[in-house]
Amino acid sequence: LAKTTQPISMDSYEGQEVNITCSHNNIATNDYITWYQQFPSQGPRFIIQGYKTKVTNEVASLFIPADRKSSTLSLPRVSLSDTAVYYCLVTTSGTYKYIFGTGTRLKVLA
Amino acid sequence: DAGVIQSPRHEVTEMGQEVTLRCKPISGHDYLFWYRQTMMRGLELLIYFNNNVPIDDSGMPEDRFSAKMPNASFSTLKIQPSEPRDSAVYFCASSLQGFDAEAFFGQGTRLTVV
């Protein structure tokens with residue numbers, strides 16, 4: 001499984017756009033990129049998944065360049081309730097594993 | 001559906017005792033995962049099942065840990081004997097397909113071994 005690297009922590013202010021980048025240099029052809037969010041005392045929650053280019057849903061956007069060695073989760077206009085840990089995962093076809101790294105602790109300030 | 005249901009939410013036990021954690025996956029989901037989360041080690045995948053069959057238990061730390069899935073709606077994670085270093089939050093998750101599907105997590109069981 002490809003190893004992921006992401007910043008340990010980030011601070012932002014309410015109303016700003018937040019971009020969290022994840023490196024996955026060893027990503028393979030059959031790998032997908034998936035992001036999860038975890039609030040304190042709760043289990044992780046799926047945010048978005050993509051393979052290449054750009055994916056957007058009601059919560060976030062995911063940008064994946066052509067070489068797929070990195071990806072960027074974009075959260076538009078964050079609020080205090082977006083304070084959480086965000087995990088980038090590389091999930092591989094056929095292994096059915098969700099391996100979580102250290103995550104990025106996002107703190108949204110008023 | 002009520003989501004993934006775990007019980008108990010909190011468990012405090014003495015070292016050496018047997019501990020059993022329970023999980024009810026979302027109906028119709030055919031994958032079930034057990035995770036452990038600590039400050040030091042983060043979120044670790046312990047074992048996962050597909051259609052009630054254990055597929056990968058390489059994350060199970062020791063023989064003291066065992067997991068079963070007797071049917072599609074129930075799974076247990078047992079620790080016998082328990083040790084203080086087993087103190088963690090244990091999460092169960094289920095998913096419908098596998099690698100390209102989202103996993104739904106339960107609220108977790110906070111285990112404290114004293």
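The text below takes the aromatic rings, then the interface.

This is a predicted model, in which local features need pLDDT of at least 70 and side-chain atom pairs count only at pLDDT 80 or more, while totals for chains, interfaces and linings use all residues. Residues are numbered from 1 along each chain as its sequence is written, and side-chain values use heavy atoms, with hydrogens and water left out.

Over all chains, the structure holds twelve aromatic pairs. Rings of Phe, Tyr and Trp (its six-membered ring) pair if their centres lie within 6.5 Å; planes under 30 degrees apart count as stacked, over 60 as edge-to-face and the rest as tilted. Two of the pairs involve Tyr36(A).

| Pair | Centre to centre | Angle between planes | Type |
|---|---|---|---|
| Tyr36(A) and Phe46(A) | 5.9 Å | 85° | edge-to-face |
| Tyr36(A) and Phe100(A) | 5.3 Å | 65° | edge-to-face |

Tyr36(A) lies in strand S3 of chain A and Phe100(A) in the loop between strand S8 (84-92) and strand S9 (104-109), so this pair ties together parts 64 residues apart in sequence. Strands (E, at least two residues) are DSSP runs, numbered from the N terminus. Both Tyr36(A) and Phe100(A) are buried, meaning under 20% relative accessible area (1.4 Å probe, protein chains only).

At the interface, 22 residues of chain B are in contact with 20 residues of chain A, where contact means heavy atoms within 4.5 Å. The two chains bury about 1,800 Å² between them, 55% of it on carbon and sulfur atoms; this is the accessible area (1.4 Å probe) lost on being put together, summed over both.

Conventions: Chains lettered and ligands numbered in written order. Helix = DSSP H or I, 4+ residues; strand = E, 2+ residues; numbered from the N terminus. Buried < 20%, exposed > 50% of the residue type's maximum accessible area, 1.4 Å probe, protein only.
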